[in-house]
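Today I'm opening a new model and keeping notes as I go. I'll jot down each thing I look up.

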Amino acid sequence: MSTVQEIKAAIDALSPAERADLERWLHESHLDPEVDSPELEAELLKAVNGPHVPFSEGELRKIADRALQEHRMQRKS
């Protein structure tokens with residue numbers, strides 16, 4: 001499975017609230033994939049030049065659990 005397919009599957013699995021949070025974050029990130037910008041180019045170059053070792057299922061589970069815990073704590077505040 002490709003990274004894009006994994007991202008799509010992860011997005012499809014989000015709850016409506018989580019999807020809204022994702023959309024809000026994307027709008028706040030100020031990176032518009034439709035517009036070439038130095039910021040977008042820099043982020044893409046970092047991704048291309050970065051490490052390319054896939055996460056194990058256990059690593060992804062830990063990351064997801066930590067993100068969910070942080071999200072829940074933020075909602076309580």
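**Starting at helix 4**

I looked up I63 and found it in helix 4, residues 57–76. Helices here are DSSP runs of H or I with at least four residues, strands are runs of E with at least two, and both are numbered from the N terminus. Before going on, I noted that this is a predicted model, where local features need pLDDT of at least 70, side-chain atom pairs count only at pLDDT 80 or more, and totals for chains, interfaces and linings use all residues. I also noted that residues are numbered from 1 along each chain as its sequence is written, and that side-chain values use heavy atoms, with hydrogens and water left out.

I63 is partly exposed, at 33% relative accessible area. My cut-offs: buried is under 20%, exposed is over 50%, and partly exposed is in between, with a 1.4 Å probe and protein chains only.

**The pocket**

Where else does I63 turn up? It is among the residues nearest the centre of the largest pocket, along with E6, I7, A10 and L60. That pocket has 30 lining residues and a volume of about 1600 Å³. A pocket is an open set of points on a 1 Å grid over the protein atoms alone, where a 1.4 Å probe fits, with protein on both sides within 12 Å along at least five of seven lines; lining residues have an atom within 4 Å of a point.

Which helix gives the largest share of the lining? Helix 4 does, with 10 residues. I sorted the lining into 20 nonpolar, 4 polar and 6 charged residues.

**Salt bridges**

How many salt bridges are there? I get 2, counting a side-chain nitrogen of Lys or Arg within 4 Å of a carboxyl oxygen of Asp or Glu.

One pairs D21 with R24, with the closest N and O atoms 2.4 Å apart. Both sit in helix 2 (residues 16–28), 3 residues apart, about one turn of the helix. D21 is partly exposed at 26%, and R24 is partly exposed at 43%.

The other links R19 and D12, at 4.0 Å from N to O. R19 is partly exposed at 32%, while D12 is exposed at 58%.

**Whole chain**

Zooming out, I count 4 helices and 0 strands. Of the 77 residues, 4% are buried.

Conventions: Grid points are joined across faces, edges and corners, and a volume is the space filled by probe spheres set on the points. Ala, Val, Leu, Ile, Met, Phe, Trp, Tyr, Cys and Pro count as nonpolar, Asp, Glu, Lys and Arg as charged, and the others, Gly among them, as polar.
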